[in-house]
Amino acid sequence: MNDWTDRLNAAMEAARHAGAMLRGRRDFHVENKSAKDFVTDADRASEQMIISELSACYPEDGFYGEEGGVRKKSEGMWVIDPIDGTTNFIKNIPLYTISIAYLRAGEVVAGVVYAPALDEMFSAVRGGGAFLNGKPIRVSDVTDPGSAVTAMSFAARVPDVSKRLMGLLAEILPEVNDFRRMGSAAFDLCCVACGRVDAYFEPCLNLYDIAAGVLIVREAGGCAGGWQDDDCLITGNVIAAPPQLYGFFHGRLSLS
């Protein structure tokens with residue numbers, strides 16, 4: 001098995017540098033990318049900072065960033081969300097993250113999710129476990145769906161899906177403890193990985209939103225997959241939960 005720890009360490013360092021910039025930056029310009037989807041010049045600055053640092057270390061690698069798209073395809077690709085939860089960042093809500101995943105031949109082998117305002121660094125290398133600020137983390141041991149606190153999203157940017165999802169939420173709510181809405185898919189996944197919440201589901205995401213977080217969940221002993229029998233990293237419809245709860249959510253979530 002290859003050891004991707006060097007790239008993980010480089011990603012953590014780049015995330016910390018970009019996070020320090022974001023923590024100190026409250027003067028920024030906001031634009032609408034599409035309905036209910038925002039971008040700031042801080043997003044672009046964060047992405048450029050991360051790419052510059054990582055490309056200096058690994059010039060052979062390619063990059064796929066939320067704001068800049070694909071920059072050079074390669075067997076080794078960095079997938080970057082420079083601010084996951086841009087609305088939180090704009091509103092000065094501390095639940096925004098930087099997500100960096102490293103893919104080798106299409107497989108996620110290292111991932112970092114950093115919450116700058118909380119100074120929380122989640123990390124994982126495939127086969128090496130998951131960590132929060134260097135300490136091992138595990139998913140929840142809750143077994144009863146009725147006790148499960150579940151993170152989710154309203155998919156507000158996709159009206160047809162949002163309408164269907166609202167119906168699903170009404171069906172599932174009586175069977176679980178409660179719902180939480182964090183505003184960052186990457187942070188939601190990491191909250192599953194460390195047991196803060198017991199499950200998470202959301203449709204219509206992008207690879208850069210979830211690549212690192214999915215690896216972190218799996219390395220923390222959890223399951224992360226699609227709403228059907230599909231690959232969430234391709235469809236963007238993700239469920240994450242401990243093994244003992246995963247089947248409950250997988251059996252109830254469908255957009256059809």
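The model is predicted, so I kept local features to pLDDT of at least 70 and side-chain atom pairs to pLDDT 80 or more, while totals for chains, interfaces and linings use all residues. Residues are numbered from 1 along each chain as its sequence is written, and side-chain values use heavy atoms, with hydrogens and water left out.

**Entry 1, a pocket.** I looked up the second largest pocket, where a pocket is an open set of points on a 1 Å grid over the protein atoms alone, fitting a 1.4 Å probe and having protein on both sides within 12 Å along at least five of seven lines; lining residues have an atom within 4 Å of a point. The pocket's volume is about 210 Å³, counted as the space filled by probe spheres set on the points, which are joined across faces, edges and corners. Of its 14 lining residues, Gly 106, Glu 107, Val 108, Arg 218 and Leu 233 are the closest to the centre. Two or more lining residues come from each of β7 (107–115), α6 (207–219) and α7 (232–235); helices (H or I, at least four residues) and strands (E, at least two) are DSSP runs, numbered from the N terminus. Which element gives the most to this lining? I found α6, with six residues. By class, the lining has eight nonpolar, one polar and five charged residues.

A nonpolar core is a set of buried Ala, Val, Leu, Ile, Met, Phe, Trp, Tyr and Cys residues joined through side-chain atoms within 4.5 Å. Buried means under 20% relative accessible area, exposed over 50%, and partly exposed in between (1.4 Å probe, protein chains only). The largest core has 40 residues, and Tyr 200 and Ile 216 have the most contacts inside it. Apart from it lies another core of 31 residues, including Ala 10, Ile 80, Ile 98 and Ile 100. Back at Ile 216, I listed contacts (heavy atoms within 4.5 Å) beyond four places in sequence: among them are Val 113, Phe 122, Ile 137 and Cys 190.

I found 10 aromatic pairs; rings of Phe, Tyr and Trp (its six-membered ring) pair if their centres lie within 6.5 Å, with planes under 30 degrees apart counted as stacked, over 60 as edge-to-face and the rest as tilted. Why is the pair of Phe 28 and Phe 89 tilted? Their centres are 5.0 Å apart and their planes at 35°, so it falls in that class. Phe 28 lies in the loop between α1 (5–23) and β1 (30–34) and Phe 89 in helix α3 (residues 86–90), so the pair ties together parts 61 residues apart in sequence. Phe 89 is buried at 0% relative accessibility.

Phe 179 and Phe 201 are edge-to-face, because their planes are at 85°, with centres 6.2 Å apart. Phe 179 is in strand β12 (residues 178–180) and Phe 201 in strand β13 (residues 199–202).

Asp 81 sits in strand β5 (residues 76–84). Is Asp 81 buried or exposed? It is buried, at 0% relative accessible area. Beyond four places in sequence, its contacts include Glu 66, Thr 97, Tyr 208 and Asp 209.

Technical notes:
Ala, Val, Leu, Ile, Met, Phe, Trp, Tyr, Cys and Pro count as nonpolar, Asp, Glu, Lys and Arg as charged, and the others, Gly among them, as polar.
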